[in-house]
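Hi there,

Here is the structure I promised to pass on to you. Please open it next to this email, and my notes follow below.

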Amino acid sequence: MQETSSLLSPVQLISTACLLLASFSLSSTEIKLGMSTALSGPTKNLGLQVRQGAEVYFKQYNQSEKGRKNPITLISYDDGYEPRNTVINTIKLIEDDKVFALFGYVGTPTSKAIMPLLEEHKIIYFSPYTGADFLRSPIKKNIFNIRASYYTEAETQVEYFIDQLNLSKAALFIQADAFGLAASKGYKNALSARGITAIEQLRYKRNTSNIALATERLKQLNPEVIFCVGTYEPIAKLINDLRAANIDSHIVMLSFVGAQSLIKRLKYFNNVYVTLVMQDPHDSQLPIVKDYRKAMMGQTLSHESLEGYVDAAVFAAIVSSIKGEITHNSFIRYAEQLRMDLGGLPIYFSEYDHQGLNKAYLNQITSAGLKPVSDKSAK
């Protein structure tokens with residue numbers, strides 16, 4: 001392929017890719033996975049940690065008998081959480097690196113940008129770090145999700161703050177892109193089902209912390225609860241700015257925020273919450289989480305690296321179950337038969353359901369860390 005001009009649009013870049021990979025197969029050889037993710041910029045902690053957890057598991061797997069036969073290698077490129085870069089990286093992974101599958105991409109706008117490539121090549125897109133509905137409905141044969149959807153997270157949050165705490169004056173603070181759009185639909189659906197339709201939405205630009213206008217408007221509104229869709233830098237700034245102005249609204253965010261990275265940036269901790277799609281990496285007694293802690297060998301633990309570890313374990317389990325030649329078609333066939341207890345995590349796929357997990361855990365963020373919320377005790 002000729003070198004691509006930096007002036008080409010994502011659509012033009014996509015049109016340059018013309019490989020048909022549906023028959024891609026492997027036999028007693030390396031399985032290469034491709035990842036385009038944020039390894040630099042204000043969202044880098046998410047990409048770095050997801051990759052770290054996956055690499056820890058794959059290293060462990062490659063030392064097993066099945067891993068020695070078909071070792072799994074993860075090739076990763078930095079996209080800085082910018083969709084244009086994701087398209088460029090994905091074309092490189094498919095055409096130059098000839099990866100078997102795409103794995104662990106971080107982000108909704110980045111996933112949205114490569115949808116035409118996924119459709120054209122039918123390449124497997126496994127465990128993206130996003131809860132976007134367009135990756136889940138309708139079912140796409142080559143896309144498999146592990147983490148719970150944003151709709152599940154939004155419903156969990158709304159059920160607690162609206163149904164249990166009887167709050168009603170709500171606002172949305174959302175990233176102005178495909179991520180914000182996808183997640184805001186979940187919130188609006190959950191809220192409208194409870195008769196709450198007058199919801200003000202404040203937007204900010206991706207990869208910036210320029211949120212002054214949104215912050216000033218929220219100070220004027222002083223809502224009872226603010227549902228946040230974004231990453232740790234701008235949301236930490238929002239919380240700190242509002243609390244400094246004596247605005248004590250309940251503030252809750254999706255798991256994508258990066259809870260540990262957020263905590264490090266907070267000056268105030270009152271009435272701050274987050275939903276997570278993995279159990280506590282430090283305290284959970286699930287066997288898979290214990291295995292993760294042991295495998296990390298003293299490295300910093302996080303929900304993100306635990307998720308990468310779990311995603312890698314599920315992928316390897318599917319590969320290990322395949323009898324005969326490993327192809328895209330055989331991977332999909334065996335994945336759709338997956339019924340496994342992954343160290344206490346029940347994970348199932350079928351022909352009609354490519355969603356592995358369906359639970360979100362609401363936590364209050366405190367100065368001492370995360371505190372699970374199960375009732376009205378969190379104030």
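In what order do the 7 strands of the open sheet lie? The order is E8-E7-E9-E10-E11-E15-E16, and the pairing is mixed. Two strands count as paired if DSSP finds at least two bridges between them. The names come from DSSP runs numbered from the N terminus, with helices being H or I runs of at least four residues and strands being E runs of at least two. At the edges sit strand E8 (200-204) and strand E16 (369-372), each of which pairs on one side only. On average, neighbouring strands of this sheet are turned by 25° against each other, direction ignored.

Before going further, a word on the model itself. It is a predicted one, in which local features need pLDDT of at least 70 and side-chain atom pairs count only at pLDDT 80 or more, while totals for chains, interfaces and linings use all residues. Residues are numbered from 1 along each chain as its sequence is written, and side-chain values use heavy atoms, with hydrogens and water left out.

As for confidence, pLDDT is the predictor's own score for each residue, from 0 to 100. The protein averages 91, and 91% of the residues score at least 70. Please take care with two stretches: pLDDT stays under 50 over residues 1-23 and also over residues 375-379.

Back in the sheet, strand E10 (residues 250-253) and strand E11 (residues 272-276) run parallel and are joined by 3 bridges. Met253 stands opposite Val274 in E11.

Two helices pack here. Helix H9 (residues 212-221) packs on the sheet, touching strand E7 (170-175), E8 and strand E9 (225-229), and its direction makes about 160° with that of E8. Contact here means heavy atoms within 4.5 Å. For the angles, axes are lines fitted to C-alpha atoms (for helices, over the stretch in contact), and values run from 0 to 180 degrees between N-to-C directions. Helix H10 (residues 232-244) lies across E7, E8, E9, E10 and E11, running at about 180° to E10.

How do H9 and H10 meet? Their axes come within 10 Å and cross at roughly 40°, which means that H9 is oblique to H10. (Angles under 35 degrees count as roughly parallel, over 145 as roughly antiparallel, 65 to 115 as roughly perpendicular and the rest as oblique.) The crossing of H9 and H10 is right-handed, meaning that the near helix is turned clockwise from the far one by less than a right angle. Thr215, Leu218 and Lys219 of H9 make the contact with Leu238, Asp241 and Leu242 of H10.

Helix H7 (residues 150-164) and helix H8 (residues 178-192) pack at an angle of about 40°, their axes 8 Å apart, so H7 is oblique to H8. H7 passes H8 in a right-handed crossing. Residues in the contact include Tyr150, Ala154 and Ile162 of H7 and Phe179, Ala183 and Leu191 of H8.

Finally, two backbone details. Ser137 and Pro138 are joined by a cis peptide bond, with omega of about -5°; Pro138 lies in the loop between strand E5 (124-126) and strand E6 (143-144). Asn166 has a positive phi of about 60° although it is not a glycine, and its place is in the loop between H7 and E7.

Best wishes
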